Amino acid sequence: MAEAGVTAARPTLYSYWRSSCSHRVRIALNFKGVDYEYKAVNLLKGEQSDPEFMKLNPMKFVPALADGDAVIGDSYAIALYLEDKYPDPPLLPQDLKMKALNIQTASIVCSGIQPLHNLTLVRFIEQKVGTGESLPWIQQQIDRGFTAVENMIKGCAGKYATGDEVQLADVFLAPQIFAAVTRFQIDMSNYPTLAKVYDEYMRHPAFEAALPDRQPDAPTSA
């Protein structure tokens with residue numbers, strides 16, 4: 001806690017407007033009510049390979065969060081850090097079963113879906129196989145992950161994925177569904193529970209403010 005009369009420095013989020021990993025963290029920061037500074041890292045220009053950025057994240061990925069002397073370079077780790085530092089409102093429930101479901105859902109997104117269509121892999125497929133050949137691969141990976149999550153949450157979903165309150169699963173699902181719909185031509189009618197909660201995400205202020213086209217580095221045509 002900052003001393004009386006001393007204003008704590010705002011955390012800095014290093015982000016790319018279209019990155020779904022950055023998108024997750026923006027939602028979490030907004031939901032927690034954290035005032036933060038936004039610093040853009042243009043992935044298309046290779047700014048993630050700048051030596052100064054590599055000091056923040058040697059993996060050359062966004063996002064990275066700098067908060068005082070804490071520097072975290074992974075969206076999952078950042079979300080858990082924010083949950084510990086800003087416990088109210090919570091992203092993880094007290095119920096152990098529901099907590100595990102939220103963690104599992106977030107893990108499916110960040111390890112079983114998104115990495116299989118990140119920029120590096122898509123470029124590799126396009127170079128090795130052919131232009132346009134990455135889309136069927138991406139759609140297959142998203143379908144596998146969405147089918148799994150749909151089956152996991154359909155019995156417990158409420159207004160949101162695991163109940164009537166925003167939780168960790170929602171923070172990770174919202175950007176993945178947004179990308180699926182807007183970039184990868186996924187028909188969400190195949191996943192009715194996910195489609196329903198996505199409609200709610202698009203009406204929630206913390207989620208709306210985190211949308212890619214609302215970020216300062218988004219192209220004016222986005």
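This is a predicted model: local features need pLDDT of at least 70, side-chain atom pairs count only at pLDDT 80 or more; totals for chains, interfaces and linings use all residues.
Leaving aside its neighbours within four places in sequence, Thr12 touches Glu37, Lys39, Ala64, Leu65 and Ala66. Thr12 itself belongs to strand E1, while Lys39, one of its contacts, belongs to strand E2, which covers residues 37–40.

- Thr12 has a relative accessible area of 10%, and because buried means under 20%, Thr12 counts as buried.
- The side chain of Thr12 also makes a polar contact with the side chain of Glu37, at a distance of 3.4 Å.
- Lys39 has a relative accessibility of 35% and therefore counts as partly exposed, since that class lies between under 20% for buried and over 50% for exposed.
- When neighbours within four places in sequence are left aside, the residues in contact with Lys39 are Thr12, Leu13, Tyr14 and Ser15.
- Although Lys39 and Ala64 are 25 residues apart in sequence, their C-alpha atoms are 9.8 Å apart in space.

**Helix H1**

- Helix H1 runs over residues 20–32, and its 13 residues reach 18 Å from the first C-alpha to the last, which is close to the 18 Å expected at 1.5 Å a residue.
- At the start of H1, a side-chain oxygen of Ser19 comes to within 3.3 Å of the backbone nitrogen of Cys21.
- After the end of H1 comes Gly33, which has a positive phi, near 75 degrees.
- How many of the 13 residues of H1 are buried? The helix is mostly covered, with 12 of them buried, including Cys21, His23, Val25, Ile27, Leu29 and Phe31.
- The buried residues also include Arg24, Arg26 and Lys32.

**The pockets**

- The largest pocket holds about 790 Å³ of space, and of the 31 residues that line it, Ser19, Leu43, Gln114, Asn118 and Leu119 lie nearest its centre.
- Which helix gives the most to the lining of the largest pocket? Helix H5 does, with 4 residues, while H1, H3 (75–85) and H5 (119–128) each supply at least two.
- Sorted by class, the lining of the largest pocket consists of 15 nonpolar, 10 polar and 6 charged residues.
- The second largest pocket holds about 180 Å³ of space, and among the residues that line it are Arg10, Pro11, Gly33, Asp35, Asp67, Lys85 and Tyr86.
- In the lining of this second largest pocket there are 5 nonpolar, 2 polar and 4 charged residues.

**The cavity**

- The structure holds 1 cavity of 30 Å³ or more, and the space in the largest cavity is about 30 Å³.
- Its lining is made up of His23, Ala174, Phe178, Tyr198, Tyr201, Met202, Phe207 and Leu211, with H7 and helix H8 (192–201) as the elements that give two or more residues.
- By class, the lining of the largest cavity has 7 nonpolar residues, 1 polar residue and no charged residues.
- His23 of this lining is also one of the buried residues of H1.

**Details of the backbone**

- The peptide bond that joins Val62 and Pro63 is cis, with omega about 5 degrees, and Pro63 sits in the loop between helix H2 (51–56) and strand E3 (64–67).
- A cis peptide bond also leads from Asp88 to Pro89, where omega is near 0 degrees, and Pro89 is placed in the loop between H3 and H4.
- Lys60, a residue other than glycine, has a positive phi near 65 degrees, and this residue lies in the loop between H2 and E3.
- With a relative accessible area of 35%, Lys60 is partly exposed.
- Gln185, also a residue other than glycine, has a positive phi near 60 degrees, and its place is in the loop between H7 and H8.
- Is Gln185 buried or exposed? Its relative accessible area is 59%, so Gln185 is exposed, because exposed means over 50%.

Note on methods. Residues are numbered from 1 along each chain as its sequence is written. Side-chain values use heavy atoms; hydrogens and water are left out. On a 1 Å grid over the protein atoms alone, a cavity is a set of points where a 1.4 Å probe fits but cannot get out, and a pocket is an open set with protein on both sides within 12 Å along at least five of seven lines; lining residues have an atom within 4 Å of a point. Grid points are joined across faces, edges and corners, and a volume is the space filled by probe spheres set on the points. Ala, Val, Leu, Ile, Met, Phe, Trp, Tyr, Cys and Pro count as nonpolar, Asp, Glu, Lys and Arg as charged, and the others, Gly among them, as polar. Buried means under 20% relative accessible area, exposed over 50%, partly exposed in between (1.4 Å probe, protein chains only). Contact means heavy atoms within 4.5 Å. The expected span of a helix is 1.5 Å times one less than its number of residues. A polar contact is a pair of N or O atoms within 3.5 Å; within protein, one must be able to donate a hydrogen and the other to accept it, and residues adjacent in sequence count only if both atoms are side-chain atoms.
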